[in-house]
Structures are given as C-alpha cells and as structure tokens.
Amino acid sequence: MNKILVFVSPTCGPCQLFKPQLRKAALETQSDYDEIDVSTEEGLEEAKKYNIQSSGQAIFFKDGEEKIRWTSPKPANILVADINKI
C-alpha cells in the first residue's frame, strides 16, 4: 500500500500550492493521501515523530516504509515520476 503524508499549515503559502499537486500525484499513483496540520498541538506531535522541521513537506511511504521525502513544492508530474522510480 502506498501513502502520501503531507505536513501543512493553513497560513503557509507554499503548502497551499503543494497540496493540490500532492493530491493529484496520490490519485495518479493510487496512493492514500493524508494531511497533518502542524499548526495544532496534535499535528506538531505527529511532525516530531517523522522529524519534520517545517510545514510544506511530504513523505511517500510504500508498504509502510518511507521511500521519498519532499521538502519543497513540485509539480504533480515530477512527484509521480519520483514515485514511479521506486
């Protein structure tokens, strides 16, 4: 099973640009998609678990194992190409 876990904040401009690209990549690669709001206490705890230092980051998991970490916005076609390399 594939999953994209996205760490965002509602006030983060790059996050708002990145989210639709990640959703599209998730759809195209048949991956689950989950957002973590790092502006909440629960979201910050989850971010710490994955050593996330700021919002606007995403992790791709394949079979429960971290495979890719994106730290800046990218177009969906680049995200899909990254995933398809695995």
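**Entry 1: helix H3**

I began with helix H3 (residues 76–84), whose buried residues are Ala76, Leu79, Val80, Asp82 and Ile83. Seen down the axis of H3, these residues fall within an arc of 160°, so they line one face of the helix. I took the arc from the directions between the helix axis and the C-beta atoms. Buried means under 20% relative accessible area, exposed means over 50%, and partly exposed is in between (1.4 Å probe, protein chains only). Helices (H or I, at least four residues) and strands (E, at least two) are DSSP runs, numbered from the N terminus.

A note on the source: this is a predicted model, where local features need pLDDT of at least 70 and side-chain atom pairs count only at pLDDT 80 or more, while totals for chains, interfaces and linings use all residues. Residues are numbered from 1 along each chain as its sequence is written, and side-chain values use heavy atoms, with hydrogens and water left out.

Next I looked at the face of H3 turned away from its buried side, and there I found the exposed residues Asn77 and Asn84. An α-helix has 3.6 residues a turn, so residues three or four places apart point the same way. What do the buried residues of H3 pack against? I found strand E1 (2–8), helix H1 (13–28), strand E3 (57–62) and strand E4 (65–70), with contact meaning heavy atoms within 4.5 Å.

**Entry 2: the cores**

I then turned to the largest nonpolar core, which has 16 residues; Ile4, Leu22, Ala58 and Trp70 touch the most other members. Such a core is a set of buried Ala, Val, Leu, Ile, Met, Phe, Trp, Tyr and Cys residues joined through side-chain atoms within 4.5 Å. E1, H1, E3, E4 and H3 each give two or more residues to this core, and H1 gives the most, with five.

**Entry 3: the strands**

How many residues of E3 are buried? I count five of its six, so to speak a mostly covered strand. E3 runs antiparallel to E1, with six bridges joining them, and antiparallel to E4, with five bridges. Strands pair here if DSSP finds at least two bridges between them. Phe60 in E3 is the bridge partner of Ile4, and Phe60 also stands opposite Ile68 in E4. In the hairpin of E3 and E4, two residues lie between the strands, and Asp63 takes a positive phi near 50°.

**Entry 4: salt bridges**

My count came to seven salt bridges, each a side-chain nitrogen of Lys or Arg within 4 Å of a carboxyl oxygen of Asp or Glu. Lys3 pairs with Asp34, with the closest N and O atoms 3.9 Å apart. Lys3 lies in strand E1 and Asp34 in strand E2 (residues 32–37), so the pair ties together parts that are 31 residues apart in sequence. Lys3 is partly exposed at 31%, and Asp34 is partly exposed at 32%.

Glu35 forms a salt bridge with Lys19, the closest N and O atoms being 3.7 Å apart. Glu35 is in strand E2 and Lys19 in helix H1, so this pair links parts 16 residues apart in sequence. Is Lys19 buried or exposed? Lys19 counts as buried, at 14% relative accessibility, whereas Glu35 is partly exposed at 28%.
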